[in-house]
Amino acid sequence: MEISFKTQIGAETLIIQSGKLAKQASGSVLVTYGETMVLVTVVGAKDPKPDASFLPLTVEYQEKIYSAGRIPGNYFRREIGRPSDKETLTSRLTDRPIRPLFPKKYNYETQVIATVLSMDKVNEPDVLAMIGASAALEISDIPFAGPIACVRVGRIDGSFIVNPTVEETEASDINLIVAGSKTGIIMVEGGGDFVSEAEMLEAIFFGHEKMQPIIELQEKLRESIGKPKREFVPPEKDAELVARVEEIATDKIKSALTVMEKIERRTALSAAKGEVYEALGEAYADRRSEVSEAYGDLVKSISRKMIVSEQRRIDNRKLDQIRPITCEAGLLPRVHGSALFTRGETQVLAALTLGSSQDEQRVETLLGDETHPFMLHYNFPPYSVGEAKRAGGPSRRDIGHGALAKRAISKVLPAKEDFDYTVRIVSEVLESNGSSSMGTVCSSSMALMDGGVPIKAPVSGIAMGLISEGDQVFILSDILGDEDQFGDMDFKVAGTRDGITALQMDIKIRELSKDIMKRALEQAKAGRIHILEKMEQTIGSARQELSPYAPIVIIVKINPERIGELIGPGGKHIRALQNETNTQIAIDDSGTVKIAAFSQEEGAAAEKLVQEIGSEPEIGTIFEGTVVRTTDFGAFVQIKPKTEGLVHISELAPHRIKNVTDVVKEGDKLTVKVIDISRDGKIRLSHKATLEGAEETPPRPPQDRGDRGGRPQRSGGGGGRDSRDSRGNRDDRRGPKKE
């Protein structure tokens, strides 16, 4: 049966339809907002996966280029290969709020696929995919403790907006994705332009209020066409086995949990587990998985009880205490900036590379081709946790952690017009025991300052945890990896002293209240400031100069009509110029030329050639030209591509000559000076005026040159690197002296 429900959310109507498309899936819905449409399907396997040690849920979000009325730009002209970062991040966003709402021990393979079918380039499809996942699960036979809803929150001129358009999001100082239930928050992802904790909390719960009609919509949908939920009874634990494991292992676990170092602690816990296997003997030899599960549950229970009853964490810290921090900047001599950040047993090395505009990342999206002048890549090698595994490409987790750190750092980068470089940071996690993503934020901030990038302020980050037992709630600062595993929340907050730039929250319980989130944000701020103070003891602001190994960027302005001459047929001239000077050169339609060089000499050489080719000849300018033909009355000299001038026979030498060919022949190089430009553009040149001691031929008075008399001067550009004369030439390059 085809059915649809709709409600007004922000400026558009949200429509959820079902019963028309993908009817063989366990549940399918089409979510429409404006002219953006996302089909979301969910399929649950009929048979359980007995060996599943965790919920076998996979979520795939895919953007079809046809949805925006475009053909893919790759060679095959189809959507192929690995998912884009946007698809990976949206898949993670969709997974995170629905995962805690499946029954414990649920072991049926479950797959959610969200496909963008239409994109109006105004309304983002990611939020629709998350809504659709909940709605599809609601009407399926798969057990699910929903519904949940999701909205994007923006803020313009102090006013909150629900589901802002793409253009409004760009103008917002807050960009949050909030997922929640009827009574609380389940997930938060986003950031802001140095937003206070109070403002961020207000934005989160503004979003929670605005999502309520979407939850009601799903309830109506479920009541109308929802399938009966399949029965699922979690396997009962063997009470006798659990009791035996507790009897054998409790004291051993308590002792092992007092070991401070992560590897040694896990070794002690593993040894205690081995003793449990040995004590149980052959009677439980074929039930190792049950024994292992009972042992893991006991470790988690004892760890939580230490916090609840003793206010003591497994590394003996106070609940709000930050692990010891050490920092080092300038560790790598040949990169353009580097920093090592160590917090407890989490250690992250950040390396900065600066490049030209040609190094920008180019990405094909539903909105069109985009260029990204800032990249942050996060690597998590297996040795960082003492494991020997295959080191492959970036995982979904790597992409997600890198995106979070990038969002935190991007807010403090200088504007492109003030710092015209492409910036790439690579984060190498060398050791990990909790919150390497926030360690990445800290090391990246210091690497930027070490490289001389004029950031607005240093940024630090912290991961917060939560233990909830009945009415008791305990918030943990700077959580360990083990605390993340046995805790109820992972709440990452990054920012400067002035406010939050990025945050991400996931929970393992049903929801969080406003009061708990307020406490977590306040405690996170205190920890963030503490970490900033430690960082600033090593480096607190950007160095005054860039690395000597960083490229030099010189900006030159040329006449837009000369762009074709500079580029040449098929790019011939620009390629030759780049090869000759060992530089990278980019040109835009306005005539702005950006030269990236790795030495001042190479940059100056490229700048000189660009100016010679790209600017109009001016009276007094000296050129090194080539004689292209001779006549009885003089020689025609090419001073730049497609530009020639006449050197009259009287201007070839300081003395009288009889024949032009006595002085020059075709193909000769000749230094000449522009002495006049007629109204119709004809150029008079002089070689005599360039010779030392020669009597220069004075230019005609302005009235003889018509409207050329008041000709404006051209600026050579270059950002003030060198002093210049009134015509834009370098003071130290006024032409060769006489041999």
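**Salt bridges, helices and surface**

Tutor: Aspartate 369 counts as exposed, its relative accessibility being 62%. The model is a predicted one.

Student: Which residue meets the side chain of aspartate 369 in a salt bridge?

Tutor: Aspartate 369 belongs to strand S15 (residues 368–372), and its partner lies in the loop between S5 and H1, so the pair ties together parts that are 299 residues apart in sequence. The N to O distance is 3.5 Å, which falls within the 4 Å that a salt bridge requires. The partner is arginine 70.

Student: How many salt bridges does the count come to?

Tutor: A pair qualifies when a side-chain nitrogen of Lys or Arg is within 4 Å of a carboxyl oxygen of Asp or Glu. By this rule, the count of salt bridges is 45.

Student: Are arginine 313 and glutamate 483 buried or exposed?

Tutor: These two residues form a salt bridge in which the closest N and O atoms are 2.9 Å apart. Arginine 313 lies in the loop between helix H8 (288–310) and strand S11 (325–329), and glutamate 483 in helix H11 (residues 481–486), so the bridge ties together parts 170 residues apart in sequence. Buried means under 20% relative accessible area, and both arginine 313 and glutamate 483 are buried.

Student: Which strands hold arginine 629 and glutamate 644?

Tutor: The side chains of arginine 629 and glutamate 644 meet in a salt bridge, 3.2 Å from N to O. The two residues are 15 residues apart, and the pair links distant parts of the chain: arginine 629 is in strand S25 (residues 622–630) and glutamate 644 in strand S27 (residues 643–648).

Student: Why are the buried residues of H14 on the same side of the helix?

Tutor: In helix H14 (residues 572–581), the buried residues are Ile574, Leu577, Gln578 and Thr581. They lie on the same side of H14 because the arc they cover around the axis is only 95 degrees. An α-helix has 3.6 residues a turn, so residues three or four places apart point the same way.

Student: Which exposed residues does the face of H14 turned away from its buried side carry?

Tutor: The buried side is covered by elements including helix H13 (563–567), strand S23 (584–587) and helix H15 (600–614). The face turned away from that side carries the exposed residues Lys572, Asn579 and Glu580.

Student: Which residues is isoleucine 248 in contact with, leaving aside its neighbours within four places in sequence?

Tutor: Isoleucine 248 is found in helix H6 (residues 239–256) and is buried, with a relative accessible area of 15%. Its C-alpha atom is 7.6 Å from that of alanine 279, 31 residues apart along the chain. Beyond those sequence neighbours, isoleucine 248 is in contact with Val276, Ala279 and Leu280.

Student: What accessible area do Tyr75, Phe76 and Ile80 have together?

Tutor: Isoleucine 80 is in the loop between strand S5 (57–63) and helix H1 (85–98), and at 42% relative accessibility it counts as partly exposed. With Tyr75 and Phe76, Ile80 forms a nonpolar patch on the surface, and their accessible area together is about 410 Å².

Technical notes
Residues numbered from 1 in each chain as written. Predicted model: local features only at pLDDT ≥ 70, side-chain atom pairs only at ≥ 80, totals over all residues. Heavy atoms only, no water. Patch = residues over 30% accessible without salt bridge, like charges linked within 9 Å, V, L, I, M, F, W, Y side chains within 5 Å. Areas by Shrake-Rupley, 256 points an atom, 1.4 Å probe, with all protein chains shown as cover. Helix = DSSP H or I, 4+ residues; strand = E, 2+ residues; numbered from the N terminus. Buried < 20%, exposed > 50% of the residue type's maximum accessible area, 1.4 Å probe, protein only. Arc of directions from axis to C-beta. Contact = heavy atoms within 4.5 Å.
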